[in-house]
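Please look through the sequence and the 3D structure shown here before reading on.

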Amino acid sequence: MTDYTAEELVDTMIARFGRDEDTWSFTCPSCGDRATLVDFRRALAEHPRTRSGTPVAAEDIHGQECIGRTLGALNRTDESQARLRNQGKARGCTWAAYGLIPGPNFLIRPDGRRVPMFAPSTVLAPVETVVPTGGVL
């Protein structure tokens, strides 16, 4: 478990992925799916959700829910979801950082409240430094 201040989290994400927040990803501790903000925007465009009558934004759930929750895993048994995932026909699972077992990491808000979150994904090098040989980004 790791606790992050907002500044520490932003610094970690920039070091791993560069400054483009759309490329920042978190890893589900249950199934290992790595989802970016763009992944969640696309998922919500295909499967819109509301909370208390208000549309859910990708920024509201990125890093706190496995993308499988948005893509239909809640409507399937765990076994069915795992089978579809293994066949490459589904992503993710039903895990949420704010569930029965919170975390595994936490964002510490200025008021001291700990907000459960997934771990930032790991990459081999920051996105900004990866250039294909003989190619153009």
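Contact, as the word is used in this briefing, means that heavy atoms lie within 4.5 Å of each other. This is a predicted model, in which local features need pLDDT of at least 70 and side-chain atom pairs count only at pLDDT 80 or more, while totals for chains, interfaces and linings use all residues. Residues are numbered from 1 along each chain as its sequence is written, and side-chain values use heavy atoms, with hydrogens and water left out. Helices (H or I, at least four residues) and strands (E, at least two) are DSSP runs, numbered from the N terminus.

**Helix α1**

- Helix α1, residues 6–17, has 12 residues and reaches 16 Å from its first C-alpha to its last, which is close to the 16 Å expected at 1.5 Å a residue, the expected span being 1.5 Å times one less than the number of residues.
- The buried residues of α1 are L9, T12, M13 and F17, where buried means under 20% relative accessible area, exposed over 50% and partly exposed in between, with a 1.4 Å probe and protein chains only.
- An α-helix has 3.6 residues a turn, so residues three or four places apart point the same way.
- The strands against which the buried residues of α1 pack are β1 (3–5), β2 (25–27), β6 (105–108), β7 (114–117) and β8 (119–120).
- Just after α1, G18 takes a positive phi of about 90 degrees.

**G103 in its loop**

- G103 is found in the loop between α5 (78–86) and β6, and G103 is buried, with a relative accessible area of 3%.
- Leaving aside neighbours within four places in sequence, G103 is in contact with W95, A97, P116, M117 and F118.
- Although G103 and M1 are 102 residues apart along the chain, their C-alpha atoms are separated by 7.4 Å.

**Strand pairing**

- Two strands pair if DSSP finds at least two bridges between them, and β6 and β7 pair in the antiparallel sense over 4 bridges, with F106 standing opposite P116 in β7.
- β6 and β7 form a hairpin with 5 residues between them, and G112 in the turn has a positive phi of about 95 degrees.
- An open sheet of 3 strands has the order β3-β2-β8, with antiparallel pairing; β3 (34–36) and β8 stand at the edges, each with a single partner strand, so one side of each is left without a neighbour in the sheet.
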